[in-house]
Amino acid sequence: MNTPLAPSIARGDETYRGIVDQYRPDLAFYESTYRDLHRNPELSQQEKRTSSIATDHLKAIGYCVYERIGGYGLVGVLKNGHGPTVLLRADMDALPVRENTGLDYASKKKMIESNGTEVPVMHACGHDVHVSCLMGAAKLLHGAKSKWRGTLICLFQPAEELVSGAQAMVDDGLYSKFGIPKPDIVLGQHVFCIYKAGTVALSPGPVMAAVDALKIRVFGKGGHGSMPSICIDPIVTASHIVVRLQTIVSRELQPGKVGVITCGKFQAGTASNIIPNYADLELTIRSYDTTVQKQLLDAIKRIVRAECNASKSPQDPVIENSAHAPATVNSVDQTGLLKTSFADYFADNASAMEPLPGSEDFSVLARAINVPSIFWILGGCDPVKWDEAKRSGKIGEIPINHSSDFAPAIEPTLRTGVDALAVAALTFLG
């Protein structure tokens, strides 16, 4: 730790509003950057172009830039005298989704996944918003150097969608090999269209769930589809597993505890008249505390093995934990400080954040060095559409993250995101 963190809601006679309004850059450039990034998304671990855009911008405005950390991750460092060190984070990767928004800057891009499959690619989770906002905040805070002291770190992370990019950066020596200062606090935001554009939402404690991803292979005895009696059908076995897994949350988890188990991929066979030798399942598991997480994982493994045994599978199933990220838990004391700053700056456009079942690897960047972190929601839905959806009781019909129709309003989303990052950084810098 470099310097104890303390709030700085006003600096002399200047408020955050005065500082941000004075030094906020012309957002036309960042709106154009957003459209470009949206039109040209890149899959996880392939964020070369996005990384170069952020790198060039940081270098041009005077940051010391460190590249190719944990893949295409990059860090910009701005040292400005003695004081706390604050890290602002944005993620860069897109998803294998075919865009259906009809926007004039919609993605038509295709890329090759790591398994060799060509897929459509879309920024269906708003990481193009995150990159554009952090670029804008980096410019604002550089211009406002006379108003703060300390060190600012702007981190652009790869592979969040694989929940592996943060750990990859840490493992590649983020805090040990490059001479990058260790932050006193890690800050980040995520755009969601279930919140109105122009708003932010923040709460202490757990705000996003832990995630575990399991790959499961169950085995059978293949043969002709007309002779199932002399085969062992792994599709039937896997089907029983999928159904039985639904009873874990409803029948084993204590009421009041939160858990989610979803089978998002079920793949087996090559033809209608062939019983295959195996079937593959891929699961996502969400939880907010480690006790529930262990209970869910233990139950899944028990059920998979029991169903395979009941089906007389010729060999034990293969169960691989292919991804993990801890729950995102906002540090209580520091979140209280930032809530005060946001309430002063955004007034009625700042609200409490309801915990989300989605997951992030953001907190890995703080847990790795045992420092506090804060993660908040940036509203993205067009205000007119959101108000109408609320009046008609159709908030649930707004296209959400990972949808092919996901389309955050450019403004006031970008302006709010730039301002929120700047206010958060100023809250904890000296």
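Q: What covers the buried residues of α2?
A: The cover includes α3 (48-60), α4 (127-143) and α11 (413-428). The model is predicted, so local features need pLDDT of at least 70 and side-chain atom pairs count only at pLDDT 80 or more, while totals for chains, interfaces and linings use all residues. Residues are numbered from 1 along each chain as its sequence is written, and side-chain values use heavy atoms, with hydrogens and water left out.

Q: Why are the buried residues of α2 said to line one face of the helix?
A: Down the axis of α2, the buried residues fall within an arc of 160°, so they line one face. The arc is taken from the directions from the helix axis to the C-beta atoms. Among these buried residues are Tyr 30, Tyr 34 and Leu 37.

Q: Why is Ser 331 called buried?
A: Buried means under 20% relative accessible area, exposed over 50%, and partly exposed in between (1.4 Å probe, protein chains only). Ser 331 has 18% relative accessibility and therefore counts as buried.

Q: Where is Ser 331 found?
A: Ser 331 is in the loop between β17 (328-330) and α8 (332-346); helices (H or I, at least four residues) and strands (E, at least two) are DSSP runs, numbered from the N terminus. Leaving aside neighbours within four places in sequence, Ser 331 is in contact (heavy atoms within 4.5 Å) with Pro 372 and Ser 373.
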